[in-house]
Amino acid sequence: MNKAKLKEAEEKFIMQFPGGFSNPQMIELTKKHKVEKMKKMAQDSFAIERFEFADNIIDSMGKVVSQSSLISVFEKPKFRDLIKVLSDSEKEHLTHGLKEFLHGDQAFGFGLMTGLLQEYKLAKWPLLTIYPIYYRPSVEVFIKPTTAKGIIEYFELTGIKYNSTPTFEFYKSYREQIMQMKQKVHTSLQVDNAAFCGFLMMTLENYLHKD
C-alpha cells in the first residue's frame, strides 16, 4: 500500500471532519444510511439459532438487500424477484451457504452462495457481501466494484487484482489489506470496516473529482 497517500487522505478527512466518525456531520450521515438499524437487523436475523428455517433466512436476506443504502436500485428488484422463484432446495442451499460463511467454513459458504447466484446471473459482489458487513462490521468487508477497484489502484495495493467474478480468494485478500490499512490510521477512523471503507470511498470521490 502507499502509506503516504493513506496518511494524506487521513489528514484531509480529519481536517474536514474533526473527530473523524464522531463528528456531528458523520453521525448524521450514519443515521441517514440507517447503519445501526441495519446492523441490528442482520445480527438478529442471522444469529446461528435462526438458521433452522430457510424461509425465514431468505426473507431476512431480502429485507437486508431491499433496505440497505449500499445496494444499487438496479440490484434490489432483481434480488427480490429471485427469492420469489427459488425452490425449497435452492432456499436451503443459499441458507446453508450464508450459515457457513457467517458461522462455519467461510470459503465453503461463499462458494455455495456464489454457485447458486451464478445460475441466475446474480453472483454480484454487493449481493454476497452485504450480510457479513452488517453482521460482523469490524471483521468483514463490503465490496462495491467501483470502490474496490479504486482503492486497489489509488492506494497501490499489491498482490491483489480485482475480478468481477466473485471468489473467496479475492475477498480474503482484500479484507486482509483493508484491515492492515485500518490499523495505520487515527483511531477515530477505526470505528469498523464499513465506516473505514466509507472514508476510503470519500477519499476516492475527492480524488476523482479534483479536476
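A pocket here is an open set of grid points with protein on both sides within 12 Å along at least five of seven lines, and its lining residues have an atom within 4 Å of a point. Keep that in mind for the later stops. The model on screen is predicted.

**Stop 1: the whole chain**

Show the protein chain as a cartoon. Its secondary structure comes to eleven helices and zero strands. Read along the sequence, the pattern is α-α-α-α-α-α-α-α-α-α-α. Now switch to C-alpha atoms. They fill a box of roughly 50 × 35 × 30 Å along the principal axes. A compact globule of 211 residues would have a radius of gyration near 17 Å, and the protein chain agrees because its value is 17 Å.

**Stop 2: a helix pair**

Select α3 (35-45). Next, show side chains at the contact. From α3, pick K37, M38, M41 and S45. From α4, pick I57, S60, K63, V64 and Q67. By class, the residues of this contact divide into four nonpolar, three polar and two charged.

**Stop 3: the largest pocket**

Keep α3 selected. It is one of the helices that supply at least two residues of the lining of the largest pocket. The volume of the largest pocket is about 720 Å³. Centre the view on V35, L70, A194, A195 and G198, which lie nearest the pocket centre among its 29 lining residues.

Which helix gives the largest share of the lining? Select α11: eight residues of the lining come from α11. Finally, colour the lining by class. Expect 18 nonpolar, six polar and five charged residues.

How values were computed. Residues numbered from 1 in each chain as written. Predicted model: local features only at pLDDT ≥ 70, side-chain atom pairs only at ≥ 80, totals over all residues. Heavy atoms only, no water. 1 Å grid on protein atoms, 1.4 Å probe; cavity = no way out; pocket = protein on both sides within 12 Å on 5 of 7 lines; lining within 4 Å. Points joined across faces, edges and corners; volume = space filled by probe spheres on them. Helix = DSSP H or I, 4+ residues; strand = E, 2+ residues; numbered from the N terminus. Nonpolar A, V, L, I, M, F, W, Y, C, P; charged D, E, K, R; others polar. Contact = heavy atoms within 4.5 Å. Rg over C-alpha atoms; globule rule 2.2 N^0.38 Å.
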